[in-house]
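Dear colleague,

Please find the structure below, handed over for your records. My findings follow it.

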Amino acid sequence: MPLDQPTKQLNQFKKHWAVMNYYERFEQIIAVILSVVISVIILISLYQLIRTVFDLLLVNAFNPLEHHVFQTVFGMIMTLLIAMEFKHSIVKVALRQDSIIQVKTVVLIALIALSRKFVILDPDETGPAKIAALAGAAVAMGIVYWLLRERDDRLGESS
């Protein structure tokens, strides 16, 4: 990112701030606060992930083929990905690239969360009904995401 990019974004933010009503300013403040809080959560989660992997390496227990280790490490990684995607959607609102959180983004985050759930499922304690329910939810959200993407593509072509 060029050095003048943050300055341009700040100037653009000041220009938008001047024409915002009180509620829009309130939304902006909330978006910035949420972004900071989620950033702290991401940093703490990253620290926990690094500490967990380091501890597993010291104990020589880091065998990614072992199911429990795989669940722990990749569950933590996917939790970080979910938090980062969530923060990204809030930053887009704060930078006025989107006026509200987009439904497509929420569905994408839900799909990532479902994927995480599949990764951390304990095969010994999970019944077929639960797996079928999760799979059905994943298919339904995948279809919704696809429909929203198709709609956005059509809207993009017409404008």
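Contact here means heavy atoms within 4.5 Å. By that criterion, and not counting residues up to four places away in sequence, Thr-52 touches Thr-72 and Met-76. Please note that this is a predicted model, in which local features need pLDDT of at least 70 and side-chain atom pairs count only at pLDDT 80 or more, while totals for chains, interfaces and linings use all residues. Residues are numbered from 1 along each chain as its sequence is written, and side-chain values use heavy atoms, with hydrogens and water left out.

Thr-52 lies in helix 2; helices (H or I, at least four residues) are DSSP runs, numbered from the N terminus. With a relative accessibility of 19%, Thr-52 counts as buried. Buried means under 20% relative accessible area, exposed over 50%, and partly exposed in between (1.4 Å probe, protein chains only).

Helix 2 (residues 22-58) also contains Ile-30, which is partly exposed at 35% relative accessibility. Ile-30 belongs to a nonpolar surface patch of about 730 Å², made by Tyr-23, Phe-26, Ile-29, Ile-30, Ile-33, Leu-34, Val-37 and Ile-41. Such patches are made of residues with over 30% relative accessible area and no salt bridge, nonpolar side chains (Val, Leu, Ile, Met, Phe, Trp, Tyr) being joined within 5 Å. Accessible areas come from the Shrake-Rupley method with a 1.4 Å probe.

The structure holds 1 aromatic pair. The rings of Tyr-23 and Phe-26 have centres 5.9 Å apart and planes at 40°, so this pair is tilted. Rings of Phe, Tyr and Trp (its six-membered ring) pair if their centres lie within 6.5 Å; planes under 30 degrees apart count as stacked, over 60 as edge-to-face and the rest as tilted. Tyr-23 and Phe-26 are separated by about one helical turn, because they are 3 residues apart in helix 2. Tyr-23 is exposed at 54% relative accessibility, whereas Phe-26, at 46%, is partly exposed.

Helix 4 (residues 103-120) has 18 residues and reaches 26 Å from its first C-alpha to its last, close to the 26 Å expected at 1.5 Å a residue. That expected span is 1.5 Å times one less than the number of residues. Within helix 4, the buried residues include Thr-105, Val-107, Ile-109, Leu-111, Ile-112 and Leu-114.

Finally, there is 1 salt bridge (a side-chain nitrogen of Lys or Arg within 4 Å of a carboxyl oxygen of Asp or Glu). Arg-149 and Glu-150 form this salt bridge, at 3.6 Å from N to O. Arg-149 is partly exposed at 34%, and Glu-150 is partly exposed at 26% relative accessibility.

With kind regards

Definitions and conventions: Patches are made of residues with over 30% relative accessible area and no salt bridge: like charges are joined within 9 Å, nonpolar side chains (Val, Leu, Ile, Met, Phe, Trp, Tyr) within 5 Å. Helices (H or I, at least four residues) and strands (E, at least two) are DSSP runs, numbered from the N terminus.
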